[in-house]
Each structure stands twice: as C-alpha cells, then as structure tokens.
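The structure is shown first, and the points are then grouped by topic.

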Amino acid sequence: MNTREEKLKAFDRLLTIMDELREECPWDRKQTMESLRHLTIEETYELGDAILDNDLKEVQGELGDLLLHIVFYAKIGSESGSFDIADVANGICEKLINRHPHIYGDVKVENEEEVKQNWEKIKLKEGKKSVLQGVPKSLPAMVKANRIQDKVAGVGFDWEQPEQVFEKLQEELGELQEEVSTGDKDRIESEFGDVLFSIINYARFLGINPENALERTNKKFSKRFQFLEIEAQKQGKALKDMSLAEMDIYWNKAKEMD
C-alpha cells in the first residue's frame, strides 16, 4: 500500500487538477453546488451498489468519484471566500475529537452503545435542538426510518429485547388487517406505514440493515425473473402467454441456482 507521503502527494495532485479544470474547462467552470447535487447523490448510490456487489475495484472507482465531488464543492466554496478544503478537513477533525472524549479525553466507555449515547448527548450540547435534527429530510423513507430509530435509541428511547419489537410488529399487522377489512385507503396506508416502521425496527434489533436486506432480495428476484425470461425465450414463448404453473417450473429452477 501507499505511504503517508504518497497519499498526501496523490491528494495534492487531485487539488491541482481541480484548480486547472475549474480554470480551463467550460463544463467544470460552469458548475455550482446546486448543479452538482443530483450528481453527488447518484454517485453515492453507485458506491452503494458496488459495496453490495462486493466489487472492491468498483468501490475504489466510486470513492474516487465522491472524493472529486468533495474537492469540487470545496473549490467552489473557496471562490466565494466561504471555506476551502483545509477548512473542511479541519472541521471534521475537530468534530471527531470532540465527539470521542473516550479517546481524546477522560471519559470511560464500556461498549459501542455507550459510545453512540455519548455521541448524541454531545451533539445536543453543540446546539442541536433535537436528536432528530441530523436526519436529512430528503433521505429515502426506509433509510430515514432506520436513522430515526437509531437516533432515538442513542438517548435511551428504545425497546429492551427483540421479542418486544416482534410482538409490536405482530400487533401492527393485526391492526393493518382490521383496517383492510374496512376498505378505508387512508387508514390502511397509515397502518401499513406502522408495519413497515416496526419491521425496520426489528431488523435493527437483529443487527440487520433493512435497506441492504431489501436490496439483496431485489437483486435475487431480478436474477430469477431474468432467468425465467431467458428460458421462456428458449422455448419460443412469451411470458404473457404462459400460465403461472409453467412459470413456476422455471422459477423453481432459478431458485435452485441461487
């Protein structure tokens, strides 16, 4: 692996290239923080895909893309005199030192949970008015639910045992079924949301990331369905003309290949 000197040299090279692109490239010169925002979100999702695929070469590439965006935002910030990359780096350094008093201070912790609890308490001392203030409004609903639950757990608002969460999930499923029988779409949607929130909470207690779990199932389903499509084509058949029983034969073959 590279030495610290080589790492610093590589980062300096990226800063130099960014300066040159901002000065000489018409596209780079035109960009603003707002125009880059959606691209940054896209790059973040691409990194997430690479991580789930365990494609380390692709992870490396996507990290580079994200690093470019960080440097790009810092460059734009420096042009207005607001901040530069050194301010960004020093800011996160100070935050990490402040929020790890068990490393850089005299606070004692026994485990990971105590670290998380201290983290949330320190954030409130820093001026946060709510534990939930740090949860981005634009997060996808499932990711947001997971973060909300994680945040409130950090200050002790949580169940004690997984069994309690599972019981709550069963309770919510019962309430959903009751509303389904009424046919009231608004109340059904509300109860369905409660079920999703509860099952996401249960995943947290099981030590499972619900977003990752669902994406694994998405990939698994897509792979099986594409196998079904290919096998149907080999038989000269269109899926819409096949019975469910016929499709199940290929579906079960696809499951055996997992």
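The model is a predicted one. Two packed helices are described by the angle between their axes and the distance between the axes.

**Annotation and domain division**

- According to UniProt, in an unreviewed entry, the feature "domain: NTP pyrophosphohydrolase MazG-like" is placed at residues 31-103 and 162-224.
- Residues 31-103 are 84% helix and 0% strand, and the C-alpha atoms at the ends of this span lie 40 Å apart.
- For residues 162-224 the content is 90% helix and 0% strand, with 32 Å between the end C-alpha atoms.
- The protein is divided into domain 1 (4-99), domain 2 (101-129), domain 3 (141-208) and domain 4 (212-256).
- Taken over C-alpha atoms, the centres of domain 1 and domain 4 are separated by 41 Å.

**Packing of α1 with α4**

- Helix α1 (residues 4-24) packs with helix α4 (residues 56-79) at an angle of about 55°, and their axes are 10 Å apart.
- The two helices, α1 and α4, are therefore oblique to each other, and their crossing is right-handed.
- On the α1 side, the contact is made by Phe11, Leu14, Leu15, Met18, Asp19 and Arg22.
- On the α4 side, the contributing residues are Leu67, Leu68, Val71, Phe72, Lys75, Ile76 and Glu79.
- Classified by residue type, this contact of α1 with α4 holds nine nonpolar, no polar and four charged residues.

**Packing of α11 with α12**

- The axes of helix α11 (residues 210-234) and helix α12 (residues 244-256) come within 9 Å and cross at roughly 130°.
- This angle makes α11 oblique to α12, and α11 passes α12 in a right-handed crossing.
- From α11, the residues Phe221, Arg224, Phe225, Phe227, Leu228 and Glu231 meet Met247, Tyr250, Trp251, Lys253, Ala254 and Lys255 of α12.
- By class, eight nonpolar, no polar and four charged residues form the contact of α11 with α12.

**Packing of α8 with α11**

- Helix α8 (residues 141-153) and α11 pack at an angle of about 150°, their axes being 9 Å apart.
- Because angles over 145 degrees count as roughly antiparallel, α8 is roughly antiparallel to α11.
- In this pair, Met142, Val143 and Asn146 of α8 meet Pro210, Glu211 and Leu214 of α11.
- The contact of α8 with α11 comprises, by class, four nonpolar, one polar and one charged residues.

Technical notes
Residues are numbered from 1 along each chain as its sequence is written. This is a predicted model: local features need pLDDT of at least 70, side-chain atom pairs count only at pLDDT 80 or more; totals for chains, interfaces and linings use all residues. Side-chain values use heavy atoms; hydrogens and water are left out. UniProt positions are given in the numbering used here, feature names are shortened, and annotations may be inferred rather than shown by experiment. Helices (H or I, at least four residues) and strands (E, at least two) are DSSP runs, numbered from the N terminus. Domain bounds come from an automatic or database domain assignment. Axes are lines fitted to C-alpha atoms, for helices over the stretch in contact, and angles run from 0 to 180 degrees between N-to-C directions. Angles under 35 degrees count as roughly parallel, over 145 as roughly antiparallel, 65 to 115 as roughly perpendicular and the rest as oblique. A crossing is left-handed if the near helix is turned anticlockwise from the far one by less than a right angle, and right-handed if clockwise. Contact means heavy atoms within 4.5 Å. Ala, Val, Leu, Ile, Met, Phe, Trp, Tyr, Cys and Pro count as nonpolar, Asp, Glu, Lys and Arg as charged, and the others, Gly among them, as polar.
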